[in-house]
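These are my notebook entries on a single protein chain. I set down what I looked up, one topic at a time.

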Amino acid sequence: MVSAVVFDVGETLLDDSREWGAWADWIGVPRHTFSTVLGAVTAAGRDNAETFQYFRPGFDVAHERQLREEAGQGESIEDKDLYPDVRSGLARLKDLGLWVGVAGNQTARTGELLRGLNLPVDGIATSGEWGVAKPAPGFFERVVRMTPAGVAGEVLYVGDHRDNDVVAGKAAGLQTALIRRGPWGYLWADDPLVRRNADWVINSLHDLPELLAAA
């Protein structure tokens, strides 16, 4: 039984196109070039932060993020960055009586920005606020603790990343779903590891209410 559903952020709830484009502009690389290298890094199963090393060896993401903030070009999340099914999909889950949350590998600043969107959810947290990030088991322990379920098996974690979301979530005892969107979601939707570890592979948040009601 699922009593709580917790969502990843990037390419699950948010379309990251605008943010990746801003990073490409910041380091002076054409957006298409940056996107192509990001795709190659993704396909190799490496951390997307490694993309920067191809253009600027030794690139310090945290330091550069602070410089962006100081230059007035820092993190920004607006309604237009949400995928079209997010507000309605989250609301439908709450209508089923489920506890709904958001938790991903983002900065504390992202947590503040997400709360400012007034999403129909019961809780929002980020790895930057917790001090532990996916795929560490401690991250998923915090996910379970943020819900009223208190039992990992009653929590469904939904994300687009094979290793960080599906495999790690399942290893921590949660139920998992991979959403087929964004580069990672499309790349890994039919991957054997995903098929072995994901309870569901979905195309939209709107798929979940029917699947969970049937379950």
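**Entry 1: a term, and asparagine 197**

I began with a definition: a polar contact is a pair of N or O atoms within 3.5 Å, where, within protein, one must be able to donate a hydrogen and the other to accept it. I also noted that I am reading a predicted model.

With that term in hand, I looked up asparagine 197. Its side chain reaches the backbone oxygen of leucine 193 at 2.8 Å. I found asparagine 197 in helix 11, which covers residues 192-197. Is asparagine 197 buried or exposed? Its relative accessible area is 15%, and buried means under 20%, so asparagine 197 counts as buried. Leaving aside residues up to four places away in sequence, I listed Val166, Val167, Lys170 and Thr176 as the residues that asparagine 197 touches.

**Entry 2: the largest nonpolar core**

Next I turned to the largest nonpolar core, which has 30 residues. Which members touch the most other members? I recorded Val5, Phe7 and Leu156. I then asked which elements supply at least two residues each. They are strand 1 (4-7), helix 5 (86-95), strand 2 (99-104), helix 6 (108-115), strand 4 (155-159), strand 5 (175-179), strand 6 (200-202) and helix 12 (207-214). Helix 5 gives the largest share, three residues.

**Entry 3: two packed helices**

I reminded myself that two packed helices are described by the angle between their axes and the distance between the axes. For helix 1 (residues 17-27) and helix 4 (residues 61-70), the angle is about 90 degrees and the axes are 12 Å apart. Angles of 65 to 115 degrees count as roughly perpendicular, and helix 1 and helix 4 are therefore roughly perpendicular to each other. On the side of helix 1, I wrote down Glu19, Ala22, Trp23 and Trp26 as making the contact; helix 4 contributes Val61, Glu64, Arg65, Leu67 and Arg68. I sorted the residues of this contact into five nonpolar, no polar and four charged.

**Entry 4: backbone angles in loops**

The peptide bond from lysine 134 to proline 135 is cis, with omega near 10 degrees. Proline 135 lies between helix 7 (127-130) and helix 8 (137-146), in the loop.

Glutamate 11 has phi near 60 degrees, a positive value in a residue other than glycine. I placed glutamate 11 in the loop between strand 1 and helix 1. Asparagine 118 also has a positive phi, near 55 degrees, and is likewise a residue other than glycine. The loop that holds asparagine 118 runs between helix 6 and strand 3 (123-126).

**Entry 5: alanine 168**

Last, I looked up alanine 168, which sits in helix 9 (residues 162-171). Alanine 168 is buried, with a relative accessible area of 11%.

Note on methods:
Residues numbered from 1 in each chain as written. Predicted model: local features only at pLDDT ≥ 70, side-chain atom pairs only at ≥ 80, totals over all residues. Heavy atoms only, no water. Core = buried A, V, L, I, M, F, W, Y, C linked by side-chain atoms within 4.5 Å. Buried < 20%, exposed > 50% of the residue type's maximum accessible area, 1.4 Å probe, protein only. Helix = DSSP H or I, 4+ residues; strand = E, 2+ residues; numbered from the N terminus. Contact = heavy atoms within 4.5 Å. Axes fitted to C-alpha atoms, helices over the stretch in contact; angles between N-to-C directions. Parallel < 35°, antiparallel > 145°, perpendicular 65-115°, else oblique. Nonpolar A, V, L, I, M, F, W, Y, C, P; charged D, E, K, R; others polar.
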